[in-house]
Structure formats: C-alpha cells, structure tokens
Amino acid sequence: MKSIDIQLNFPDEPDYSKVPLEVLYELIETYEIEQSCATSAIYELHRRNDSRLNEFCIWVLNQNSADEWLKGCAKEKGCA
C-alpha cells in the first residue's frame, strides 16, 4: 500500500491502525498533498509509540508550508 492508496482503500474514513508504518511515514513526508492525512499519521504514530515520531514532528515544525493543525499536532504529540 502506498500513501496515494489511502483514499482508494478507505473512501470514508481511513482505519490508520491498519496502515503500515512505511505508509504513515510517507504520508508525513508528502504532507503537502493532504495535510489532514499527515496529521492523522502523526496521531497514529503517537498511538503506536513509534520511535520515529519525534524526528517527524521536529521536521514538520520546520516546514514553512505545513498548516497550523499539522504543526499543532506535531507540537502536541511529538515534541516532549
């Protein structure tokens, strides 16, 4: 599954608990395509207690084009 497949496989509401880690990472790395998916990916990484969460959150916070909700999520969930 690739990040582009998220909307095809889950047309209503994605079940992020079933999404592989690599796809969650890709959703964050390609946040400009769909920032709400990137936000959900951060929440899911937090839920899974993923070791790369802090790294991704710091990266998001340094992105000029990340919106306030994505940055807010990154600050809340990853920068502890």
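Colleague: Why is R47 called exposed?

Modeller: This is a predicted model. In it, R47 has 54% relative accessibility. Exposed means over 50%, so R47 counts as exposed.

Colleague: What makes E44 count as buried?

Modeller: Its relative accessibility is 7%. Buried means under 20%, so E44 is buried.

Colleague: How do you know that R47 forms a salt bridge with E44?

Modeller: The closest N and O atoms of R47 and E44 are 2.6 Å apart. The cut-off is within 4 Å, so the pair is a salt bridge.

Colleague: Where do R47 and E44 lie?

Modeller: Both are in helix α3, residues 35-47. They are three residues apart, about one turn of the helix.

Colleague: What makes E44, R47 and R48 a network?

Modeller: Salt bridges link them. E44 pairs with R47. The side chains of E44 and R48 also meet in a salt bridge, at 2.8 Å from N to O.

Colleague: Why is R48 called partly exposed?

Modeller: R48 has a relative accessible area of 26%. That falls between the 20% and 50% cut-offs, so R48 is partly exposed.

Colleague: How do you know that D15 forms a salt bridge with K18?

Modeller: Their closest N and O atoms are 3.7 Å apart. The limit is 4 Å, so D15 and K18 qualify.

Colleague: Is K18 buried or exposed?

Modeller: K18 is at 60%. The cut-off is over 50%, so K18 is exposed. D15 is partly exposed, at 28%.

Colleague: How many salt bridges are there in the whole structure?

Modeller: The search finds five.

How values were computed:
Residues numbered from 1 in each chain as written. Predicted model: local features only at pLDDT ≥ 70, side-chain atom pairs only at ≥ 80, totals over all residues. Heavy atoms only, no water. Buried < 20%, exposed > 50% of the residue type's maximum accessible area, 1.4 Å probe, protein only. Helix = DSSP H or I, 4+ residues; strand = E, 2+ residues; numbered from the N terminus.
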